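Here is a short briefing to read with the structure open beside you. Take a moment to turn the model around before you start.

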Amino acid sequence: MQKTMLKRLGGAAVALAVLMAGSLLFPLYLQDVVYRVVMLCGIAIIMAVSLNLINGFTGQFSIGHAGFQAVGAYVAAALTVYGHNRLFSFIPKNGDFSSPLYSLLSGGPVMLLSMLVGGLAAAGIGYLVGLPSLRLRGDYLAIVTLGFGEIIRVVVENLDVVGGPRGFSGDLNSGVQVPALTNFFWVYGTVLVVILVSRNLRFSVHGLSYLSVREDEIAAQAMGINTTTVKVKAFVLGAFFAGVAGALFAHYERTILITSFNFVRSFDFVTMVVLGGLGSITGAALAAVVLTALPEVLRYSLGQQANQYRLVVYALALVIMMLVRPQGIFGRGELSPKRFFRKK
């Protein structure tokens with residue numbers, strides 16, 4: 001037991017050191033374009049793995065996941081902007097920090113609080129949406145989640161307090177702008193947490209109830225499992241992590257547009273989960289990296305006009321994957337280091 005605990009503490013210390021080093025060195029030595037891709041890949045991993053909790057673990061079909069990210073983004077940004085004078089007056093009004101270390105130390109508590117509040121807000125909305133709608137199945141559930149995303153879009157566009165259709169970058173009256181709090185440490189620290197939570201859930205006793213609902217909901221209900229409760233829990237947990245990803249996205253972009261969370265973006269996350277393999281954590285993470293970096297590679301190599309073919313590439317990837325490997329890249333399996341060191 002002590003050896004296991006020491007190994008875990010050692011692993012946590014190494015991960016913390018790597019995250020700290022990355023947050024301090026990457027902005028200095030990576031090109032801005034490359035660093036941006038690295039950050040967006042991390043946020044996409046969080047979104048894909050959190051959606052995998054719903055679509056992959058419990059077998060539901062949610063296509064409005066970007067709506068939860070929008071809730072987390074706007075709530076977290078509003079907290080840091082409108083709460084600046086009373087709570088966060090120690091960070092610059094213009095949101096710019098003189099160095100990565102100053103940003104990490106001074107903005108750390110603010111970032112952590114905004115991630116928590118954004119995640120809880122998205123989880124609360126997820127509960128309100130999930131409780132009545134998750135009694136539905138298949139296409140009916142997809143229609144409900146799609147409608148939820150459109151409701152979020154319409155509500156935000158009519159809220160002047162968060163900029164409405166113009167976007168939200170700060171409070172014009174006080175001059176407080178959305179601070180640049182997101183860095184490598186917060187993004188990939190959250191990636192590790194989301195992956196570990198998903199892995200531990202999948203291979204736990206509670207996770208078996210999630211998988212039983214996916215395999216045969218009627219049989220699971222006959223065995224005494226409250227399938228609605230299980231689906232709502234997965235929905236809320238996935239929404240929470242999507243809200244956290246929204247907070248990270250808001251404090252990285254610093255100007256939030258509701259068009260960043262439309263149906264097309266939700267479709268992107270569904271594509272990542274399907275390509276990676278429904279139920280596969282590593283598959284969802286790998287697909288998130290590939291599908292996030294691919295448009296940037298196309299844009300850099302072929303020019304700005306290549307961006308219009310992004311959805312065509314996604315569609316072709318789905319068609320080819322469904323023909324060659326319909327279960328996804330990893331299917332329902334996981335990529336484990338033990339496979340490479342297994343004795344033959």
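Among the elements of the protein chain, which helix has the lowest mean pLDDT and which the highest? Helix α14 (residues 338-341) has the lowest, at 50, and helix α3 (residues 65-82) has the highest, at 94. The model you are looking at is predicted, and the protein chain averages a pLDDT of 84, with 91% of the residues scoring at least 70. Where pLDDT is low, the predicted coordinates should not be read in detail.

Two packed helices are described by the angle between their axes and the distance between the axes.

- Helix α2 (residues 32-57) and helix α11 (residues 263-276) have axes that come within 9 Å and cross at roughly 70°. Since angles of 65 to 115 degrees count as roughly perpendicular, α2 is therefore roughly perpendicular to α11.
- On the α2 side, this contact is made by Ala 44, Met 47, Ala 48, Leu 51, Asn 52 and Asn 55. Phe 269, Val 270, Met 272 and Val 273 supply the α11 side.
- Sorted by class, the residues of the contact of α2 with α11 are 8 nonpolar, 2 polar and no charged.
- The axes of α3 and α11 come within 7 Å and cross at roughly 115°.
- Here His 65, Ala 66, Gly 67 and Gln 69 of α3 meet Arg 265, Ser 266 and Phe 269 of α11.
- The contact of α3 with α11 holds 2 nonpolar, 4 polar and 1 charged residues.

**The nonpolar core**

- The largest nonpolar core has 87 residues. Tyr 74, Phe 168, Leu 248, Ile 256, Phe 261 and Met 272 touch the most other members.
- Helix α2 gives the most to this core, with 16 residues.
- Leu 248 is in contact with Ile 43, Ile 46, Met 111, Met 115, Thr 182, Trp 186, Val 187 and Thr 190, if neighbours within four places in sequence are left aside.

- Asn 52 sits in helix α2. Is Asn 52 buried or exposed? Its relative accessibility is 1%, so Asn 52 counts as buried.
- Not counting residues up to four places away in sequence, Asn 52 touches Phe 57, Val 273, Gly 277, Leu 278, Gly 279, Ser 280, Ile 281 and Ala 284.
- Thr 80 belongs to helix α3, and Thr 80 counts as buried because its relative accessibility is 1%.
- The C-alpha atoms of Thr 80 and Val 110 are separated by 7.4 Å, although these residues are 30 apart along the chain.
- Beyond residues up to four places away in sequence, Thr 80 touches Phe 88, Val 110, Ser 114, Val 176, Pro 179, Leu 181 and His 251.

**Helix α8 and its surroundings**

- Gly 207, Ser 209, Tyr 210, Leu 211, Ser 212, Val 213 and Arg 214 are buried in helix α8 (residues 205-215).
- What do the buried residues of α8 pack against? Their partners are α2, α7 (184-202), α9 (217-222) and α10 (227-253).

**A backbone angle worth a look**

- Arg 254 lies in the loop between α10 and α11. With a relative accessibility of 17%, Arg 254 counts as buried, because the cut-off for buried is under 20%.
- Phi of Arg 254 is near 70°, a positive value in a residue other than glycine. Most residues other than glycine have a negative phi.

How values were computed: Residues are numbered from 1 along each chain as its sequence is written. This is a predicted model: local features need pLDDT of at least 70, side-chain atom pairs count only at pLDDT 80 or more; totals for chains, interfaces and linings use all residues. Side-chain values use heavy atoms; hydrogens and water are left out. Axes are lines fitted to C-alpha atoms, for helices over the stretch in contact, and angles run from 0 to 180 degrees between N-to-C directions. Helices (H or I, at least four residues) and strands (E, at least two) are DSSP runs, numbered from the N terminus. Angles under 35 degrees count as roughly parallel, over 145 as roughly antiparallel, 65 to 115 as roughly perpendicular and the rest as oblique. Contact means heavy atoms within 4.5 Å. Ala, Val, Leu, Ile, Met, Phe, Trp, Tyr, Cys and Pro count as nonpolar, Asp, Glu, Lys and Arg as charged, and the others, Gly among them, as polar. Buried means under 20% relative accessible area, exposed over 50%, partly exposed in between (1.4 Å probe, protein chains only). A nonpolar core is a set of buried Ala, Val, Leu, Ile, Met, Phe, Trp, Tyr and Cys residues joined through side-chain atoms within 4.5 Å. pLDDT is the predictor's confidence in each residue, from 0 to 100.
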